[in-house]
Amino acid sequence: MSATDQARPTGGVDGAGGSTVAAPAGGPTTVPPRSGRPQDPRPLRRGLYRGVAHVRRGARQAVAGAVSAWRSSLHVRIGAITMVVAGTVVVIVSLVLFSQIRTQLLSVKEQAAVDQAQAGVVYAQTEVVGIAAGDAASVRATLDRTVQQLLTRGGSAGDFDVVMVYRTGDTERPPAVSRPGIYPALPEGLRAGVAGGAQYSQYAMVPNDAGQPHPTLLVGSPVPGGASSVGRLELYYAFPLDQEQETLSLIRSTVAISGIALTLFVAGIGVLVTRLVVDPVRRAAGTAQRLAEGQLEERMTVRGEDDLARLATSFNAMADSLQRQITQLEGLSQLQQRFTSDVSHELRTPLTTVQMAADVLHESRGDFPPHVARSAELLHEELDRFERLLSDLLEISRYDAGAAVLDWEPADLGAIVGRVVEGMTSLATRHGCELTVTCPPGPVVAEVDARRVERILRNLVGNAVEHGAGEPIEVTLVANRSAAAVTVRDHGVGLSPAEAEHVFDRFWRADPSRVRTVGGSGLGLSISLEDARLHGGWLQVWGQPGLGAQFRLTLPLTAGADLTGSPLPLRPTIVRRPRVRP
């Protein structure tokens, strides 16, 4: 069997449209043709979609993991930043260094090549004297001999090829070359420059023996005195840069490996130094977490006398102080819990029973005589007031026990004032009062407990309605860079200086014979004062008999900041007497 027969395919196509395959013993076997019905592409498409979705999900998980590691690990951030900075510096230094090495290497190569070309021109000048007087054969022999002699002379520039061109007028004789195919690769610009009588050098891609282009340094120069006035002689040197290219490749690889190693080394040092600093912080964080979990005896180990040792000492001192305070708070909390339990047992249960009975009587008051129906209404109102009193007592007991805490959050004081005024409008309308609000055009954001601030303002506005004698009530909000102030001004009966000293006392009344029309418990202003103090703010009052009163609430915009002043004066700038009501 010939080679052609062996390469021939073993299968063919029969005339019936089926394929025929070679059988070992039974001869050809015909396979039925495939059905003309196209294959359903949906399973393939679904598989492709699932693959793409899986890749996307994996990419998202990888990105999420990287982001989580970046946010949660200081080691990762320091290592990444150090690696990026060190890598950038190494790349810049490597590029500059490699550029300088390449420039210096090529400069040395070019200088050696020029020197060798000049020496070759001098030698060729002595060898081709009188070449114009010979015939074509002698000229060619002289050129070939000179080229071979130049090749044997060598030089410091390394391997090279030589081309000699002899021109007579406009006719160019066949050049003498040391290697075929090199003369056509000479650039036209180099030829033109040498033809003009000057020495030129140029880098170009010249094919090697295998026909593959490789970088080459070309140096061309005319040979003076080597021809007659009707002819000229040109000498070209071609210096392959293979050795320089290998040297630069080796340098590039060395610089790259050294740069990567240096980057990793610097990043490792950064991570190691960071670990020396972060590990004590992590131990402090772990100790703080165990303290937060209730293990109040946990302390940090103090080692040495450096900054980290001082940090551990300060942390242990803070833990001791926290343990004492937490122990005190636990005792107060137990006292408050006992008080709350006693009050709930002694007051809540009978109050609920009495209130249920009062509700039944209040709903059935239409069936009672007028005096009994009125008594049912009074009982229902007083029980509601008693329930509010009980709630206020529980709240004031929390302040007494030191268990009141704030839920800090940024809030717009203007919106809080608006909600309070909107909620108190119906009460003011029933008392014939008009509520006037003055707020800045923009939001006034402060870190406060919005529920407690709203309760303060609600108590102040309710007190103004109670004692405002139907006169207008002015609510003003002003803020500066560090604090905000809200004033509630009424033009009612007013306060004397002696009464202003007791206005925040519990269950105090300026006129004991005066009946409460709003239905307060007598603890509203006391709770408001405690709320203001809990915020680190001020709640102050000014008043004069017959000229009304003004309450001023001042709060810091930042939680925990100390107040140095208030944006609003406590005494109104214009004190006017209220209009006379008929």
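A crossing of two helices is called left-handed if the near helix is turned anticlockwise from the far one by less than a right angle, and right-handed if clockwise. In the predicted model described here, local features require a pLDDT of at least 70 and side-chain atom pairs count only at pLDDT 80 or more, whereas totals for chains, interfaces and linings use all residues. Residues are numbered from 1 along each chain as its sequence is written, and side-chain values use heavy atoms, with hydrogens and water left out.

The chain contains twelve helices and 16 strands; helices (H or I, at least four residues) and strands (E, at least two) are DSSP runs, numbered from the N terminus. Of the 582 residues in the chain, 33% are buried, a term that denotes under 20% relative accessible area, with exposed meaning over 50% and partly exposed in between (1.4 Å probe, protein chains only).

Helix packing was examined next. H3 passes H4 in a right-handed crossing, at an angle of about 145 degrees and with the axes 10 Å apart. Axes are lines fitted to C-alpha atoms, for helices over the stretch in contact, and angles run from 0 to 180 degrees between N-to-C directions. In this packing, Gly120, Tyr123, Ala124 and Glu127 of H3 meet Thr142, Arg145, Thr146, Gln149, Leu150 and Arg153 of H4, where contact means heavy atoms within 4.5 Å. Helix H3 (residues 74-127) also packs with helix H6 (residues 242-292); their axes come within 8 Å and cross at roughly 160 degrees. H3 and H6 are therefore roughly antiparallel (angles under 35 degrees count as roughly parallel, over 145 as roughly antiparallel, 65 to 115 as roughly perpendicular and the rest as oblique). The crossing of H3 and H6 is right-handed.

The structure holds four aromatic pairs. Rings of Phe, Tyr and Trp (its six-membered ring) pair if their centres lie within 6.5 Å; planes under 30 degrees apart count as stacked, over 60 as edge-to-face and the rest as tilted. The ring centres of Phe160 and Tyr237 are 5.4 Å apart and the planes stand at 45 degrees, so this pair is tilted. Phe160 lies in the loop between helix H4 (136-153) and strand E4 (161-168), and Tyr237 in strand E9 (residues 231-240), 77 residues apart. Phe160 also forms a tilted pair with Phe239, at 5.9 Å centre to centre and 45 degrees between the planes. Because Phe239 is in strand E9 and Phe160 in the loop between H4 and E4, this pair ties together parts 79 residues apart in sequence. Phe160 and Tyr237 are both buried, and Phe239 is buried as well.
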